[in-house]
Amino acid sequence: MIHNPKLLIMDEPSVGLDPLLRERIWAYLREISRTRGTTIILSTHYVNEAKQCDKIGFMRGGRLIAEDNPEALLSSYGAINLEDFAIKICRQDELEHEKTRDIFLWIEENEKMQDANSNVIGKTYRKFSASFLQNDFYASQTTGKTSRNHFRIICGLVVKSYHQTRRDIRRIVPEFVLPVTLLILLQNIIGLPPRTLPVGLVTNMENVTTTVQLDEFCNNFNSSGSECLENVGICSFIDTFENREFDWKVTNSFENGIRDIQLGNTIALLDFPPEFGMHVKNRMIYRNWVDNETLRGTTITVETDNSNIISYAWFRKTLIEKYLTFLKRILTYCSANENISTPALKFHAIHGSLEIGGSVSFVQPGIIILQILVVSCGVAMHWAMDRSEGLEDLDYVAGVNLWHKIGSSIIHQFVITGINSVLILGMLWVFYGLEVKGTWGLVVGLIYLTSLVGLSIGWICGTLGDTVIENACIVLGLMVVQALSSGVITTLEEIEPHYRHFCDLLPATKLVEAFRSVCSRGSGISSGHVVPVFISALGWVSLSLVVATLMERRRRK
């Protein structure tokens, strides 16, 4: 009571106490109720002391048989005090139970006495019995079953989930903070071009054997000369690279350059032949009549470390582009057609980008779908937390069943999905230039469909596992499999053909494929990439409902 709660629930607070202390306790309860606005619910078997309450409820046999303020209860039965009223109301309740018991005993006896020759009596009995059992009062008195307002139960569970999320940071972080954080990391880590790659360089010039000497040599050399064949040397080639693309590590020999690659100091080595600039001039002048020595003198030997395939691919692409730029500059200054050095292949991207860094646009839709799927599966942990804290049993005693929990989880998760959609899509659109070629309505619809599929997986996990750890391990295992097998970070065409059939059955596979097709290709709802996702989602939701129902029946049997 130190924190002045708004609601105070007490179980027989005055039992076993002397009258003076009991009176002091009641005086204090009245004080905090009047001055602080505290609502107090308490139970007591001292009937007369309950007159100090604003409303009293009498329970007998697990049923509430009377409820009103003290004055109204006393006047309704003409009782002089609450103890007298309790005796009268209990006697009346006992008489009603005896009448009800006698009627049903009579029905039971008639049922036993029926035979083939008593058709008239049987019809009369069945008519009377059917009409009698339709009476809500007697049905509730005899069977303990009352009509339930399913809508109010679901709303109550939604409100409970809201307060649990508001009060527990363990739910707020994975539901809102983690998805946004992961996408920020994705945008700033994956798909960006590598920078300052260490690349070894052998010039085969006696006075240029270190990086410092190369800088001094190139600073004294006019690498951007405007005369023909003045920009054909090593410095002119290096000048085509932008700042921080490569971190040149000049070494004095080819063997030392290879040793640097083996030690992991560099990822590649460029070995320029002696008199490289002179041989390039001769090759440009003599063209088809050059000798083998000139051909060898213009050939740059490249050694690479391919253990990091991403860095190697970007290095190779950049090196080829810069070499072609180097040749174009030479042709331009010599008044020749620069297109001579252009490869006779022209690529054009109908969808996506030709840049290697454009891989982020491939990974991005899969990461979004996977995150929504993981967050929605969190319902399994929420159910396990309620189970471990005893809240699930209290819910079931209050009339909650599995379908109520499923309905409330859909409403609760759809609200969270809506907030996440605004945060994720808004952030990507404003700060990172997200381009959606399809309709935004279909994009949001696929996100909500993903949320529903994730919920269905959570229903299965929530009924299979008993603890938060068990459900977390199940969900984590499923998500790892789907991250690696659903085309999130790799294409499905790379997967082994026999395993591909299994991947096609995973819930995230069709969702990722459809979402990526809508974002990057502008596909519509009738597209061949989008239609299968609805069939897959319907199958997974249906399967989950069946499995969850069977497991819940087994648990509650």
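**Disulfides, sheet and a helix pair**

At 23% relative accessibility, Cys334 counts as partly exposed, since the buried class ends under 20% and the exposed class begins over 50%. The structure is a predicted model. Cys334 forms a disulfide with Cys228, and the sulfur atoms of the two residues lie 1.9 Å apart. The angle about the S-S bond is 95°, which gives the link of Cys228 and Cys334 a right-handed sense. Distant parts of the chain are linked by this pair: Cys228 belongs to the loop between H8 and H9, whereas Cys334 belongs to the loop between helix H13 (309–333) and helix H14 (359–377), and the two cysteines are 106 residues apart. Cys228 has a relative accessible area of 38% and is therefore partly exposed.

Two disulfides are present in the structure. Besides the pair already described, Cys218 and Cys235 are joined, with 2.2 Å between their sulfur atoms. Their link is left-handed, at -85° about the S-S bond. Cys235 is buried, with 4% relative accessibility. When bonded cysteines are counted along the chain, the disulfides follow the pattern 1-3, 2-4. Accessibility was also computed for Cys90 and Cys155: Cys90 is partly exposed at 27%, and Cys155 is partly exposed at 30%.

Four strands form an open sheet in the order S6-S5-S7-S8, and their pairing is mixed. Strand S6 (246–250) and strand S8 (301–304) are the edge strands, each of which pairs on one side only. On average, neighbouring strands of the sheet are turned by 25° against each other, direction ignored. Within the sheet, strand S5 (residues 197–202) and strand S7 (residues 268–271) run parallel and are joined by four bridges. Opposite Val199 stands Ala268 in S7.

Among the helices, H7 (residues 169–189) packs with H15 (residues 379–388) at an angle of about 170°, and the axes of the two helices are 12 Å apart. Angles over 145 degrees count as roughly antiparallel, and H7 and H15 are therefore roughly antiparallel to each other. H7 contributes Arg170, Arg171 and Glu175 to the contact, and H15 contributes His382, Met385 and Asp386. Of the residues in the contact of H7 with H15, four are charged, one is polar and one is nonpolar.

Technical notes
Residues are numbered from 1 along each chain as its sequence is written. This is a predicted model: local features need pLDDT of at least 70, side-chain atom pairs count only at pLDDT 80 or more; totals for chains, interfaces and linings use all residues. Side-chain values use heavy atoms; hydrogens and water are left out. Axes are lines fitted to C-alpha atoms, for helices over the stretch in contact, and angles run from 0 to 180 degrees between N-to-C directions. Angles under 35 degrees count as roughly parallel, over 145 as roughly antiparallel, 65 to 115 as roughly perpendicular and the rest as oblique. Contact means heavy atoms within 4.5 Å. Ala, Val, Leu, Ile, Met, Phe, Trp, Tyr, Cys and Pro count as nonpolar, Asp, Glu, Lys and Arg as charged, and the others, Gly among them, as polar. Two strands pair if DSSP finds at least two bridges between them. A disulfide is a pair of cysteine sulfur atoms within 2.5 Å. Buried means under 20% relative accessible area, exposed over 50%, partly exposed in between (1.4 Å probe, protein chains only).
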